[in-house]
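Colleague: I'm new to this one. Can you put it up and take me through it?
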Amino acid sequence: MPHHLSQEMRQCIQHCSDCHNVCLETAVHCLELGGTHAEARHITLLLNCAEICATSADFMLTGSGLHGRTCAVCAEVCERCAESCERVDPNDETMRRCAETCRQCAQSCRQMAA
């Protein structure tokens, strides 16, 4: 039986994909800047966020019955990543973009997890 993706799920998959990309781009940006931007905890969080976003999107795309659980974790990681980006440098445009993208993904994933 074919798996049907609702519009809400398609939108969440897109948010996860966007967040994955932005977190990886931001990690490179932070490593290039160095200093507090490149602290291990922050970089690790960016990489973890990118990974859980990709995993959540994959679970939804494949119709996994566990997608709600991955989305719940994804929402939590995205919120933490957004907070970290704002804490490291609230005036950096790349960091603001990452925080906004993470928050959008978190909101979408919370809806999928419900």
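Colleague: How are α1 and α2 directed relative to each other, roughly parallel or roughly antiparallel?

Modeller: Roughly antiparallel. Bear in mind that this is a predicted model. The axes of α1 and α2 cross at roughly 155°, and an angle over 145 degrees counts as roughly antiparallel, so that label applies to α1 and α2.

Colleague: Within what distance do those axes come?

Modeller: The axes of α1 and α2 come within 8 Å. Their crossing is left-handed.

Colleague: Which residues meet there?

Modeller: On the α1 side they include Cys 12, Cys 16, Cys 19, Cys 23 and Cys 30. On the α2 side they include Leu 46, Cys 49, Ala 50 and Cys 53. Leu 24 and Ala 27 of α1 also take part, as does Leu 47 of α2.

Colleague: How many residues of each class are in that contact?

Modeller: The contact of α1 with α2 has 20 nonpolar and four polar residues, and no charged ones.

Colleague: You mentioned Leu 47. What does Leu 47 touch?

Modeller: Leaving aside neighbours within four places in sequence, Leu 47 is in contact with Leu 24 and Ala 27. Leu 47 is in helix α2. Its relative accessible area is 41%, so Leu 47 counts as partly exposed. Thr 26 is 21 residues from Leu 47 in sequence, and their C-alpha atoms are 9.5 Å apart.

Colleague: And Leu 31, is that buried or exposed?

Modeller: Exposed, because its relative accessibility is 52% and the cut-off for exposed is over 50%. Leu 31 belongs to helix α1. Not counting residues up to four places away in sequence, Leu 31 touches Ala 38 and Ile 43.

Colleague: How many residues separate Leu 31 and Thr 55 along the chain?

Modeller: Leu 31 and Thr 55 are 24 residues apart along the chain, with 24 Å between their C-alpha atoms.

Colleague: Next topic, α1 and α4. At what angle do their axes cross?

Modeller: Helix α1 covers residues 7-33 and helix α4 covers residues 93-113. Their axes cross at roughly 150° and come within 8 Å. That makes α1 roughly antiparallel to α4. The crossing of α1 and α4 is left-handed.

Colleague: What classes of residue make up that contact?

Modeller: The contact of α1 with α4 has 13 nonpolar, nine polar and four charged residues.

Colleague: Where does His 15 sit?

Modeller: His 15 is in helix α1. It has 13% relative accessibility, so His 15 counts as buried. Beyond residues up to four places away in sequence, His 15 touches Gln 104, Cys 105 and Ser 108.

Colleague: What about α2 and α4, how do their axes cross?

Modeller: The axes of α2 and α4 cross at roughly 35° and come within 12 Å. This crossing is left-handed. From α2 the contact uses His 42, Leu 46, Cys 49, Cys 53 and Met 60. From α4 it uses Met 95, Cys 98, Cys 102, Cys 105 and Met 112. By class, nine of the residues in the contact of α2 with α4 are nonpolar, one is polar and none is charged.

Colleague: Which members of the largest nonpolar core touch the most other members?

Modeller: Cys 16, Cys 23, Leu 46, Cys 49, Cys 78 and Cys 102, in a core of 35 residues. The elements giving two or more residues to this core are α1, α2 (40-61), α3 (67-88) and α4.

Colleague: Take Cys 23. What is it in contact with?

Modeller: Leaving aside neighbours within four places in sequence, Cys 23 is in contact with Leu 46, Cys 49, Ala 50, Cys 81, Cys 98 and Cys 102.

Colleague: We've skipped α3. What does Ala 82 touch?

Modeller: Ala 82, in helix α3, touches Ala 99, Cys 102 and Arg 103, not counting residues up to four places away in sequence. Ala 82 is buried because its relative accessible area is 0%. Leu 46 is 36 residues from Ala 82 in sequence, with 9.1 Å between the C-alpha atoms.

How values were computed. Residues are numbered from 1 along each chain as its sequence is written. This is a predicted model: local features need pLDDT of at least 70, side-chain atom pairs count only at pLDDT 80 or more; totals for chains, interfaces and linings use all residues. Side-chain values use heavy atoms; hydrogens and water are left out. Axes are lines fitted to C-alpha atoms, for helices over the stretch in contact, and angles run from 0 to 180 degrees between N-to-C directions. Helices (H or I, at least four residues) and strands (E, at least two) are DSSP runs, numbered from the N terminus. Angles under 35 degrees count as roughly parallel, over 145 as roughly antiparallel, 65 to 115 as roughly perpendicular and the rest as oblique. A crossing is left-handed if the near helix is turned anticlockwise from the far one by less than a right angle, and right-handed if clockwise. Ala, Val, Leu, Ile, Met, Phe, Trp, Tyr, Cys and Pro count as nonpolar, Asp, Glu, Lys and Arg as charged, and the others, Gly among them, as polar. A nonpolar core is a set of buried Ala, Val, Leu, Ile, Met, Phe, Trp, Tyr and Cys residues joined through side-chain atoms within 4.5 Å. Buried means under 20% relative accessible area, exposed over 50%, partly exposed in between (1.4 Å probe, protein chains only). Contact means heavy atoms within 4.5 Å.
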